[in-house]
Amino acid sequence: MEALQIIGGNRLAGSVRVTGAKNSVLKLMAAALLAPGRTTLTEVPGILDVEIMGELLRRLGCAVELDLGHGRVSIDVPESLEHRADYDLVRRMRASITVLGPLLARCGVVDVALPGGDNIGSRGLDMHVSGLQRMGAEVTIEHGYLIASAPEGLHGASVWLDFPSVGATETILMAAVTAAGRTVIDNAAREPEIVDICQMLIDMGAHIDGAGTSTLEVEGVPSLRPVQHATVPDRIVTGTWAVAAAITGGDITIENARPEHLQIALDKLSTAGADVTEIDDGLHVRMDRRPAAVDIVTLPYPGFPTDLQPQFIALNAVAQGTALVTENLFEARFRFVHELVRLGADVQTEGHHALVRGRDQLSGAPVEATDIRAGAGLVLAGLVAEGVTSVHEVHHIDRGYAGFVDDLVRLGAQISRVPIPG
Ligand code: UD1
């Protein structure tokens, strides 16, 4: 058991390179299941979740080579796959649910344990299920497993999502690419990670129109071929480094970043007083004053991302003024506020609103990461808190941030992993 120990007060300066997005690569690994043969992914982040997904694919019958030092994963997919995702893996990583669509398409049947995952709300699966049912699947829940079957194969359908769910869009998309006929997904998610998976599926031979819009039109094809694909850069990691520059009064060049994927968040940083400049292969963020408070409302893409909400609450906690933060996606995401308050932050929550009154100074304390992004938010707060902050439950952070501590040290932070006694 380890914690991250941070001595606050250092300004961060230098360059950091962002790798591929966690929220894309896990889905790309699942999409590989759709085509027998060897798929290779590059720009793969060296994070725990990639290892868990690798283990899941092995149990399904794939040979998986992880070369995370070089950001590469090769997946050899057999003609005949197993079709069960066990609870011990799904409970460690909710994104395991992503194999639902591809396995149903390939095997005609799939059993996936109902997920646990991040502690950020109820995270239902109703839209995944109703979409698959419209495509001809029968779905039951037995003994904690979601069992879907389509012995005659899936057929195209019109699917309207109540909400532009990222996961439901991916499940239905991956089920549709080899279904018989045409599927139209309305109110589809538009995240850059959806565009990335569409691009990979198109390269595999799928017929998809409308990637990045609210309507995805898919004409099913009989089979797909394996490909090599580079994962889209991680916009949430990019945003986390941008806030790190702003909160520490620092100066960070973020390489391999796509500023166009986080325009609203970058605009908020400019409003807070940061100097944000787009450069050739990324962006540059510099701050030379105390941040001004900025209001945030999380929404599906292209709105402000919920996965950057804790980092911006940390920024607001030391800003000049008061900010209102509204969380519209995950009801339990404010759980991390209780931890931030332990560092001296002045935050009041009421339903899905948080009122953050900026303090001149936070003070270091032991805190606990409740999910990946909460962990990132607490580290950022620790970087500016006076004295020592130790962030426990580090495994959450390891799930989403490759080489985080090394990068922070290189940028000038005083941070290290320390063993926890007992
Ligand atoms: C993905 C991301 C997560 C990000 C989120 C929103 C991955 C691995 N995770 O999560 O980091 O915060 O998108 O950008 O990519 N919902 C239902 N029924 C459904 C599906 C979703 O009620 O069938 C609800 C959820 O409970 C949640 C909201 O819709 O309140 C958003 O969920 P969704 O967009 O599906 O997020 P995830 O794919 O779980």
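**Exercise 1. Find what the side chain of T39 reaches, and describe the setting of T39**.

Step 1. The side chain of T39 comes to 3.5 Å from the backbone nitrogen of V227. This is a polar contact (a pair of N or O atoms within 3.5 Å; within protein, one must be able to donate a hydrogen and the other to accept it, and residues adjacent in sequence count only if both atoms are side-chain atoms).

Step 2. Helices (H or I, at least four residues) and strands (E, at least two) are DSSP runs, numbered from the N terminus.

Step 3. T39 has 0% relative accessibility, so T39 counts as buried. Buried means under 20% relative accessible area, exposed over 50% and partly exposed in between, with a 1.4 Å probe and protein chains only.

Step 4. Leaving out residues up to four places away in sequence, T39 touches A32, V73, S74, I75, M200, P226 and V227. Contact here means heavy atoms within 4.5 Å.

Before going on, please keep in mind that this is a predicted model: local features need pLDDT of at least 70, side-chain atom pairs count only at pLDDT 80 or more, and totals for chains, interfaces and linings use all residues. Residues are numbered from 1 along each chain as its sequence is written, and side-chain values use heavy atoms, with hydrogens and water left out.

**Exercise 2. Locate I47 and list its contacts**.

Step 1. Look in the loop between β3 (37–42) and α2 (48–59), where I47 lies.

Step 2. I47 counts as buried because its relative accessibility is 0%.

Step 3. Beyond its neighbours within four places in sequence, I47 is in contact with K22, L68, D398, R399, G400, Y401 and A402.

Step 4. Compare sequence with space: I47 and S74 are 27 residues apart in sequence, and their C-alpha atoms are 16 Å apart.

**Exercise 3. How many residues of helix α10 are buried**?

Step 1. Go through residues 309–317: 9 of the 9 are buried, so α10 is largely enclosed by the rest of the structure.

Step 2. The buried residues include F312, I313 and L315, along with Q309 and N316.

**Exercise 4. Work out where the ligand sits and what surrounds it**.

Step 1. The ligand is surrounded by 21 residues, the closest being K27, D126, S165, D307 and L329. A residue is near a molecule if one of its heavy atoms lies within 4 Å of it.

Step 2. Sort the shell: 7 residues are nonpolar, 6 polar and 8 charged. Ala, Val, Leu, Ile, Met, Phe, Trp, Tyr, Cys and Pro count as nonpolar, Asp, Glu, Lys and Arg as charged, and the others, Gly among them, as polar.

Step 3. Oxygen atoms of the ligand give these distances:
- 2.6 Å to an N or O atom in the side chain of D307
- 2.9 Å to an N or O atom in the side chain of N23
- 3.3 Å to a polar backbone atom of G124

Step 4. Taken alone, the ligand exposes 750 Å², of which the protein buries 86%. Accessible areas come from the Shrake-Rupley method with a 1.4 Å probe.

Step 5. Helices α1 (22–31), α5 (126–134) and α6 (166–176) each give two or more residues to the shell.

Step 6. Domain 1 and domain 2 both give residues to the shell, so the ligand lies between them.

Key
Domains from an automatic or database assignment.
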